Amino acid sequence: MPSFDSKKAAEIQRHLHSHLPSDPALRVKTLESLVVERGLVHPDDLDAWTELYANEVGPMRGAQVIARAWSDSAFHDLLMRDAAAAVREMGFQGHASGHLRAVENTPTQHNLVVCTLCSCYPFSVLGMSPAWYKSSAYRARAVREPRKVLSEFGVELAGNVAVRVWDSTAELRYLVVPERPAGTEDWSAEKLATIVTRDSMIGTDRDLKVA
Amino acid sequence: MDGIHDLGGMEGFGPIKTDSPPFTYDWERRVWAIVQNTRGGLEGGTIDWWRHTIECMEPSTYLSVSYFEKWCLNQMTQFIDCGTFTLEEVVSGETTRLQDPPAPSGVNGALARLRANEVFFDGPNETPPAFSEGDVVRTLAHVAASHTRLPRYAREKTGRILAYRGAHMFPDTSAKGAHEPRHLYTVDFSACDLWGDGADPKDTVTLDLWEDYLVRP
């Protein structure tokens, strides 16, 4: 059973950081050999997990959700009302999707997602988060100067666009629904999914490019 | 707690490496897989206790080690704290208490575990919610010295309830092992109220906050 004792946790953290080899690769190797020897996981299952995230779980899932919402108004309504149910319907439920919410960009509203306190992210819908999302710089700055942050990503907003930053402080997770670009009216959902970028679903990209 | 993890609004950071990929090294993928697949060794724990033990890192360590290295150190800390491994076992990298792992289940097994991990944090609460959509609320000035999800930048600020989200596990007590669903709201704050007149008056910052953090102004 956990101790739920902050002081004890702080002591363990201090001790580990000063007594373990400094190379993180060696630290992880130590952790892996311990959990495998103790029978907590089979090493092949660790390979399988990485393979799953490399091939099946990634931003292409979110892109399919967005493309379907653009193409199917009933699904769009479900996504906006209950995004967790919408991703479940596509078989994408899992880690951090249980309380998923979709927030939609409009010509005058831009949405940006951050987690200032840790790095909460809808993993099962977008895959592993990019390193910048977990960086101190993004976590510190996104709430305070979102327009400067957006500008570093190459997003310049028109003068009438308001920014709403969603700080993921509870177990709700946010998925930004970007605007469907003009000139894609006759596109299939499959083709639409190819232009939805990961960053557009976090909010650090806005005007999707029609190739 | 007023911890180093509470980064929102801190100045001096930047610029952002906008093209950084999710993983750079193989060990990062590996520790991600380990943490996601060894929860059986952390029986009785909660997500908030897991977050809190990261917050208990020395501030200088927190800022200097990468995200995935924090995960490695934290999973070790969690295992030691709940008695799965001793500190000596982790530091030496050797354990004598050997056990056979379960049979591997392949990528399909991994997908099944991922789907089964659609966890819900809401629950029943018989007390009616104190606030409703549109209400003006003020956040507390002070928080507990342990885990909390009211960030420093949003304390003692006035906002407006955007939505009621049901009763969700209260992190402050969940980090101590309790399961207490309390009313949760999405609260909207004007960027100028948070950051001063230099912010764009059109902009807002929205947080998900528990009723315990809120009072009527």
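Which residue in S5(B) is the bridge partner of B:Arg138? The partner is B:Val215. This is a predicted model, where local features need pLDDT of at least 70, side-chain atom pairs count only at pLDDT 80 or more, and totals for chains, interfaces and linings use all residues. Residues are numbered from 1 along each chain as its sequence is written, while chains are lettered from A and ligands numbered from 1 in the order in which they are written. Helices (H or I, at least four residues) and strands (E, at least two) are DSSP runs, numbered from the N terminus.

**Strands of chain B**
- S1(B) covers residues 136-139.
- S1(B) and S5(B), residues 214-215, pair antiparallel over 2 bridges; pairing takes at least two DSSP bridges between two strands.
- S1(B) also runs antiparallel to S2(B), residues 158-169, through 3 bridges.
- In S2(B), B:Thr158 stands opposite B:Arg138.
- B:Val137 and B:Thr139 form the covered face of S1(B), and B:Val136 and B:Arg138 the uncovered one.
- In a regular strand, side chains alternate between the two faces of the sheet.

**Helix H4(B)**
- The 15 residues of H4(B), 67-81, should span 21 Å at 1.5 Å a residue, and the end C-alpha atoms are 21 Å apart, which agrees. The expected span is 1.5 Å times one less than the number of residues.
- B:Gly83, with a positive phi near 90°, follows H4(B).

**Between the chains**
- The contact (C-beta atoms, placed from the backbone, within 7 Å) takes 85 residues from chain A and 99 from chain B.
- H2(A) gives the largest share of chain A's side, 12 residues.
- S3(A) and S4(B), residues 204-210, run parallel, joined by 4 bridges.
- A:Arg164 has B:Thr204 as its bridge partner in S4(B).

Definitions and conventions:
Buried ≥ 20, exposed ≤ 12 C-beta atoms within 10 Å, placed from the backbone. Contact = placed C-beta atoms within 7 Å.
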